[in-house]
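Please keep the sequence and the model in view while reading.

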Amino acid sequence: MTSADIVSCTDLVRRYGEGEAAVNALAGVTVGFTKGEYAAIMGPSGSGKSTLMHCLAGLDRPTAGSVVVDGVEIASLDDKSLTTLRRDKIGFIFQSFNLLPVLSAEENILLPLSIAGRKPDQEWYDRLVDTIGLRDRLSHRPSQLSGGQQQRVAVARALVSRPAVVFADEPTGNLDSKASAEVLQMLRQAVDDLGQTVIMVTHDHEAADVADRTVVLTDGLIVEDRRTTVAVA
Amino acid sequence: MLKLSLRGFGARKVRLGLTLLAVALGVALISGTYVLTDTINKSFDNIFATAAKGTDVSVTPKDAVVEGNGADTATTIPAAFLSKVQAVPGVSKAVGTVGTSNVALFTSANKRIGGGGAPTQVISATPKPFDVISYTDGRAPTGDNEVALLASTAKDKHIKVGDDVSIVGNGPRQTLKVVGLGKFGGVSNVGGFVAVIVTLPEAQRLAGVKDAYDEILVAGKPGVTPPELRSQVQSIAPSTVNVRTGQQQADENASDIHDALGFLTTALLAFGGIALFVGAFIIFNTFSITVAQRMREFALLRTLGASRRQVMMQVIFEGLVIGVAGSVIGLLLGVVLAKGLRALFKLFGADLPSQGTIIETRTIVVSLLVGTIVTLLSGLAPAYRATKVPPVAALREGAVLPPGRNARFVTPGGIVLTALGAAGIALGLFGGGSVALVGLGALLVFLGIALLSPKLVPPLASFIGAPMPGIVGRLARENATRQAGRTAVTASALMIGVTLVAFVSIFAQGLKATIDDAVDTAAKPGTLIIENTAGGSPLPAQVAPGIKAAVPGVRTVAPISFSTSKVAGVAGKTSVSGIPANISQVFDTQWKQGNDATFASLGATGAVVTKKFADAQHLKVGSKLSVLTPTGKRLSLTVRGIADDNSGLLADLSVSHDLATTAFGKTGDALIFAGVPPAQEQAVKAQLDAKLKQFYPIAEAKTIQQFKDQQATQINGLLVLIYVLLLLAVVISLFGIVNTLVLSIYERTRELGMLRAIGTSRRQVKRMIRYESIITAVIGAVIGVVLGIVFALAVAQALSSDGFKLSIPIVQLVILLVLGALAGVLAAILPARRAARLNVLEALAYE
């Protein structure tokens with residue numbers, strides 16, 4: 001962990017329940033991710049990988065320890081500040097896409113900016129749309145898109161506000177292998193071509209193989225942290 | 001899994017509570033109405049029965065034609081008849097009594113006692129065993145210039161035994177000493193009415209009657225039963241009196257009250273019905289939404305082998321439980337509500353006695369049955385839809401309930417129902433049908449519009465939501481139209497209340513405009529209107545000549561009296577007005593045939609009829625009428641003129657004021673017109689006020705403007721009362737909005753989780769829910785206002801022949817729309833808070 005880290009945590013503990021029944025989902029995790037990194041967090045069910053992501057993303061509150069996102073200690077922030085942090089600094093990609101069915105693909109992509117009341121950067125938006133390759137589908141509603149297309153819209157949505165970091169929670173979990181490959185490739189492009197940082201929770205080894213780095217959790221502790229051999233440009 | 005069911009329970013708790021309330025509130029108004037009116041009826045029964053305890057037989061005057069509820073009789077009992085009664089073998093004691101309400105009572109400080117809604121009534125003191133009054137302090141008046149009062153009156157005005165009060169009746173003002181305080185019929189306060197108990201000669205003097213009685217009270221010798229005594233007295237009685245046992249007379253007295261309350265009961269029940277009808281929408285919507293949400297549960301049941309019938313029975317059973325539980329809660333709430341209603345009426349000047357709480361079996365049966373049946377009926381369609389869930393839906397995530405096979409009939413059905421309803425209203429209004437038909441028509445129109453409104457929701461939502469800014473506004477608009485049917489039913493519930501409020505507002509405005517117009521057309525400038533301060537009661541006959549003599553500035557005095565009659569060949573009673581010869585100096589008659597000189601030439605044989613009456617009875621000038629008067633005289637009258645009157649002054653049949661006095665037995669005037677030079681109106685009115693205050697304090701003079709204002713005030717008072725009663729229906733429809741929002745939020749949990757995760761603030765989430773609520777509410781308000789205007793147009797058209805002037809209160813209608821939006825804000829408070837408090841992680845994990 002260094003000061004160059006865009007996201008980091010130190011001695012992170014997340015305990016659920018009280019007394020005897022208490023479970024340490026995270027039992028003291030210290031890890032940092034640098035800007036421009038494409039990292040995969042892996043581990044078996046119940047290993048704490050999702051909890052780690054939730055704590056790093058400001059969705060869950062740590063029981064102890066510190067979390068720093070883009071230079072801001074977020075463990076002590078109130079809901080309002082956390083919301084603003086998520087809005088401005090963090091992008092999300094969910095397993096079940098979570099697009100709003102009432103909005104068109106374009107509106108879904110622009111949603112984070114709309115919420116913030118900001119105008120999109122047209123050049124950036126055009127690059128994103130070209131990257132996901134859905135320019136001819138922008139006016140479609142999610143129900144008119146395939147699963148892979150929906151997830152590509154979700155990827156664009158996560159990137160539209162140029163967040164400090166994008167968290168992806170099992171982004172290929174609901175996709176067939178072809179669509180999975182496309183989405184993973186797109187995340188790869190986001191890091192390589194667009195200079196974004198992506199942290200992805202997955203138990204899909206193929207997904208992890210695309211990443212630069214794989215962090216493996218078991219019983220709330222990091223048991224492995226390795227650089228993937230794939231050459232990074 | 002546990003967390004999930006707990007969350008489900010959380011949503012169900014609100015849903016269950018609000019659905020129960022939707023049933024309960026409507027039922028409460030029904031049970032409350034019964035409890036209130038039963039209690040009041042019973043209280044009056046007791047009061048009259050207690051007052052008549054010592055009276056075995058009562059003799060009262062009998063009019064040949066009875067004018068109506070509570071009106072003074074035209075005939076009295078000649079004093080000579082009393083001695084005849086006393087000579088009847090079975091009679092141990094008989095006394096005459098005299099009463100009058102044409103008096104004004106003042107404290108020693110010259111402050112008016114009573115004079116509001118409840119009457120001031122002079123009662124002549126009666127010896128044992130006839131004591132109507134039981135004294136709690138002091139004694140009965142024995143000498144002239146002595147008086148006893150009700151303890152409640154004394155308490156209100158801080159009067160003690162030994163104090164002086166003054167009274168003005170027929171004759172000059174005089175001072176009376178309070179010698180006793182008591183209860184009437186065992187009750188210290190009878191609806192705020194002021195009883196003035198004086199000796200018989202004093203009462204006769206105040207009433208201006210000589211050698212006559214209003215009632216003869218008879219007690220029998222030991223061993224003579226009241227019915228026996230009644231036959232004995234009946235055998236010597238002339239045809240102009242009624243002879244009844246004490247109990248019969250008490251029942252007769254109470255029956256007037258029962259009749260008056262019967263109207264109140266019907267009116268209140270109608271409001272209860274409206275509230276239940278609105279509640280039915282809520283129940284229907286809640287069941288529909290829950291059936292949709294529990295689709296997987298039903299599908300699972302089907303997969304496990306449950307039949308369609310079993311699934312349907314499960315939903316129906318839930319309806320039954322909610323219906324019964326809601327009805328029971330409503331029944332109990334009604335008991336509380338009865339007290340609230342009583343307080344409400346007291347606020348509007350009707351302080352009704354009510355002792356204890358009477359809950360009749362009928363109240364329980366009707367409340368439970370109506371509430372349960374309405375709930376079951378509303379749940380029937382959703383229950384049927386639940387059976388359409390295919391078992392495979394259990395396995396498919398996000399499966400949507402197939403649109404019912406009957407979905408395509410919704411819009412045509414709405415058109416048919418609306419058309420049928422409109423036809424019903426038209427038939428009721430123009431075809432001589434009934435109010436019930438109009439009500440049924442309105443009901444059908446409401447249902448029809450509710451079925452049509454899913455088509456109206458999208459355009460209205462985008463219009464109403466247009467000013468709502470940003471993505472939050474956009475999402476609110478989309479969410480409102482996402483399930484257009486659901487939004488439509490929710491809005492329709494509010495629509496019903498708003499329609500009625502809008503209609504009543506427009507109608508009242510029209511009524512005021514109509515009265516203004518009629519009065520302006522009919523009354524000549526410089527006309528003052530003199531009426532009893534207590535409202536409808538007549539003024540003593542000597543007031544009119546008294547004014548003429550006392551106030552020189554008054555050029556014309558034209559007293560008007562009202563009576564009733566039976567005209568040969570005409571069904572029912574025919575109203576009669578006594579019109580003086582000089583009426584044309586103060587009042588413009590709209591003659592169809594005849595002229596201003598006609599009234600002056602009526603004499604003892606002429607009559608003027610209204611155009612309406614003439615049309616209905618095919619009368620022409622020259623037609624002969626055989627008229628029976630209340631005093632039993634049969635007159636042969638000739639139609640001399642036909643007049644159109646929108647002011648309501650002229651009754652169907654108008655005779656000369658003198659004839660009304662001599663042949664109809666009218667001793668008082670309903671109102672008196674005083675013509676003064678318009679330029680000196682204020683000055684003469686001031687003189688007149690001073691004289692009236694001195695000699696006839698029960699009368700007050702109003703300028704035409706004041707008269708119109710007073711009419712408007714009365715209409716406004718009634719309007720407020722109706723608003724309060726309609727408020728219940730509106731509140732129920734707000735529950736509907738809350739319910740729908742809560743259920744929709746529950747359905748959209750994951751979307752809300754995502755929105756929060758990507759940076760939507762709690763405040764934005766709240767705003768989104770609030771906007772959606774406002775859109776729903778304003779859709780209801782807009783359709784309601786439009787429908788209200790349409791209904792008002794129809795009624796105005798039907799009444800146009802009576803001179804009804806439609807006047808649309810634009811400002812009030814705009815206010816109504818704004819209130820609709822505010823209602824939306826109110827309804828959104830709880831759901832918005834729930835949505836904002838959602839735990840993001842749990843919401844995201846939510847299936």
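In chain A of this predicted model, residues 24 or more positions apart account for 70% of the contacts with a separation of 6 or more. The chain comprises seven helices and 10 strands. Its radius of gyration is 17 Å, close to the 17 Å that the globule rule gives for 233 residues, so chain A is as compact as a globular protein of that length. Along the principal axes, its C-alpha atoms fill a box of roughly 55 × 40 × 35 Å. Of the 233 residues in chain A, 48% are buried.

A:Asn24 belongs to strand β2, which covers residues 23–34 of chain A. Leaving aside residues up to four places away in sequence, A:Asn24 touches A:Val13, A:Arg15 and A:Gly220. A:Glu73, 49 residues from A:Asn24 in sequence, lies 22 Å from it in space, C-alpha to C-alpha.

The contact between the chains comes next. Chain A and chain B each contribute 19 residues to it. On the side of chain A that touches chain B, the elements giving two or more residues are α2 (79–89) and α3 (105–116) of chain A. By class, this side of chain A has nine nonpolar, five polar and five charged residues.

In soluble globular proteins, nonpolar side chains tend to be buried together. The largest nonpolar core here has 326 residues, and the members that touch the most other members are A:Ile41, A:Leu187, A:Met200, B:Val196, B:Val218, B:Ile672 and B:Ala674. For B:Val196, the residues touched, not counting those up to four places away in sequence, include B:Val103, B:Leu105, B:Val122, B:Ile123 and B:Ile167.

Chain B is divided into four parts: domain 1 (1–53 + 266–405), domain 2 (54–257), domain 3 (418–431 + 453–523 + 705–847) and domain 4 (538–697). Taken over C-alpha atoms, the centres of domain 1 and domain 3 of chain B are separated by 22 Å. Between these two domains of chain B, 25 residues of domain 1 are in contact with 27 residues of domain 3. On the side of domain 1 that touches domain 3, α1 (2–51) and α6 (246–293) of chain B are the elements that give two or more residues. The largest share of that side, 13 residues, comes from α6(B). Its composition by class is 18 nonpolar, six polar and one charged residues.

Some backbone features of chain B remain to be described. Most residues other than glycine have a negative phi, and most peptide bonds are trans. The peptide bond from B:Lys128 to B:Pro129, however, is cis, with omega near 5 degrees. B:Pro129 lies in the loop between β7 (120–124) and β8 (133–138) of chain B. B:Asn110 has a positive phi of about 65 degrees although it is not a glycine, and it is located in the loop between β5 (104–107) and β6 (112–113) of chain B. With 10 other C-beta atoms within 10 Å, B:Asn110 is exposed. Phi is also positive at B:Asn145, near 70 degrees. B:Asn145 sits in the loop between β8 and β9 (146–150) of chain B, and its 14 other C-beta atoms within 10 Å make it partly exposed.

Key
Residues numbered from 1 in each chain as written. Chains lettered and ligands numbered in written order. Predicted model: local features only at pLDDT ≥ 70, side-chain atom pairs only at ≥ 80, totals over all residues. Helix = DSSP H or I, 4+ residues; strand = E, 2+ residues; numbered from the N terminus. Rg over C-alpha atoms; globule rule 2.2 N^0.38 Å. Buried ≥ 20, exposed ≤ 12 C-beta atoms within 10 Å, placed from the backbone. Contact = placed C-beta atoms within 7 Å. Nonpolar A, V, L, I, M, F, W, Y, C, P; charged D, E, K, R; others polar. Core = buried A, V, L, I, M, F, W, Y, C linked by C-beta atoms within 7 Å. Domains from an automatic or database assignment.
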